[in-house]
Structures are given as C-alpha cells and as structure tokens.
Amino acid sequence: MLELSGRRLPDDRDPRYGAYPQPPLGAGHACVEYDPRPSAVREARAEVRRRLEEWGLADRDDTVDTAELLVSELATNALLHSASRFQLTLTAAHGVLRCEVADAGRRTPQVLDAGASESGRGMFLVSALALRWGCHQDGPGKTVWFELGTCACDGCGRRQP
C-alpha cells in the first residue's frame with residue numbers, strides 16, 4: 001500500500017482497478033526519434049509496420065495500412081511546419097493503437113477541405129480515418145496523435161456515424 005500526502009492509496013490488487021498481471025494480447029510500446037530529413041517519413045512508416053507485425057496486430061491489413069498512411073501525414077507535417085527532429089510514439093493495448101508525433105512546432109494542425117489543392121489534405125485524412133485524434137502543447141512543441149481500433153470486432157476502429 002502506498003501513502004501519499006497522508007492518504008493511503010487503494011491496493012492495486014483490488015478488482016475495481018482492473019490490474020493486469022501481464023500486458024494484454026497485442027500490447028506494445030515504442031518510441032523513435034527522427035532527424036528532419038525527407039527519408040524520415042519513409043522510416044517512420046516502416047517502423048509502424050514492423051512494430052504492428054511484431055505485436056501481432058498485422059492480421060488486419062487495413063489497420064496497418066491506415067496507421068502507416070496517417071503516421072506518414074503527421075511526420076510530413078512535422079517536417080514541413082517545424083523543420084525539427086520529431087518523435088514517433090506507438091502504444092497498443094486493450095484494442096486501441098495510439099500513434100503520436102511530437103515536434104518543436106507550436107502551430108496547431110487544421111483540418112482543411114479535401115478540395116483540388118495539391119497539399120493540405122493530411123489532417124482531413126486523419127480526421128476521416130482515425131477513431132479519435134487530437135493535439136496538445138508539450139512545453140516548447142506539440143504532440144499530434146490519433147487512435148485506431150485493433151480488435152477484430154465489427155466496426156472497431158472506425159468512427160461511429
């Protein structure tokens with residue numbers, strides 16, 4: 001039992017807190033930093049595929065393909081708008097894959113209409129394909145993230161109408 005500021009915290013073995021003696025199937029965590037060069041986007045895509053295969057999440061090709069596409073969009077935005085190193089963090093647990101790209105830029109991404117323009121569609125794709133997405137400021141930079149479902153349930157990982 002842990003005490004903090006004179007309060008006893010609940011025993012983590014209590015079933016109400018859902019303790020997991022081992023990570024759930026398909027769980028994983030990875031964090032990789034990239035230099036600001038065009039090949040970093042390709043390397044980030046390859047890292048996504050490699051990790052999802054390693055974690056046993058590659059059975060659903062649409063999840064891997066979607067994760068690769070959306071990470072590619074976030075990594076490209078990091079290179080174009082911050083011109084700094086960026087960090088890719090992948091976390092998979094309990095039927096959810098969370099992908100984060102952190103960079104030194106402060107500009108919040110905007111979802112633009114998918115018109116005839118040759119650029120600006122990246123966040124439109126993220127918004128359309130991800131279960132959820134968001135952005136938060138991290139000290140001098142920001143982190144843009146999205147989540148996809150990884151279980152085989154019907155409709156898992158897709159936005160509800």
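**Side-chain contacts in a predicted model**

The side chains of glutamate 54 and arginine 50 form a salt bridge with an N to O distance of 3.3 Å; a salt bridge is a side-chain nitrogen of Lys or Arg within 4 Å of a carboxyl oxygen of Asp or Glu. Across the whole structure, a search finds 14 salt bridges. This is a predicted model, in which local features need pLDDT of at least 70 and side-chain atom pairs count only at pLDDT 80 or more, while totals for chains, interfaces and linings use all residues. Residues are numbered from 1 along each chain as its sequence is written, and side-chain values use heavy atoms, with hydrogens and water left out.

- Glutamate 54 is partly exposed, at a relative accessible area of 47%, and arginine 50 is partly exposed at 40%; buried means under 20% relative accessible area, exposed over 50%, and partly exposed in between (1.4 Å probe, protein chains only).

**Contacts of arginine 98**

- Arginine 98 forms a salt bridge with glutamate 100, with the closest N and O atoms 2.8 Å apart.
- A salt bridge also joins the side chains of arginine 98 and glutamate 147, at 3.0 Å from N to O.
- Arginine 98 is in strand S5 (residues 96-103) and glutamate 147 in strand S7 (residues 141-149), so this pair ties together parts that are 49 residues apart in sequence.
- Glutamate 147 counts as buried, with 10% relative accessibility.
- Arginine 98 lies over the face of tryptophan 145, 4.0 Å from the ring centre; the criterion is NZ of Lys or CZ of Arg within 6 Å of the ring centre and within 35 degrees of the ring normal.

**Aromatic pair**

- The count comes to 1 aromatic pair, under a rule by which rings of Phe, Tyr and Trp (its six-membered ring) pair if their centres lie within 6.5 Å, with planes under 30 degrees apart counted as stacked, over 60 as edge-to-face and the rest as tilted.
- The ring centres of tyrosine 34 and phenylalanine 86 are 5.2 Å apart and the planes stand at 25 degrees, so the pair is stacked.
- Tyrosine 34 lies in strand S3 (residues 28-34) and phenylalanine 86 in strand S4 (residues 86-93), so the pair ties together parts that are 52 residues apart in sequence.
- Tyrosine 34 counts as buried at 5% relative accessibility, and phenylalanine 86 counts as buried at 1%.

Key:
Helices (H or I, at least four residues) and strands (E, at least two) are DSSP runs, numbered from the N terminus.
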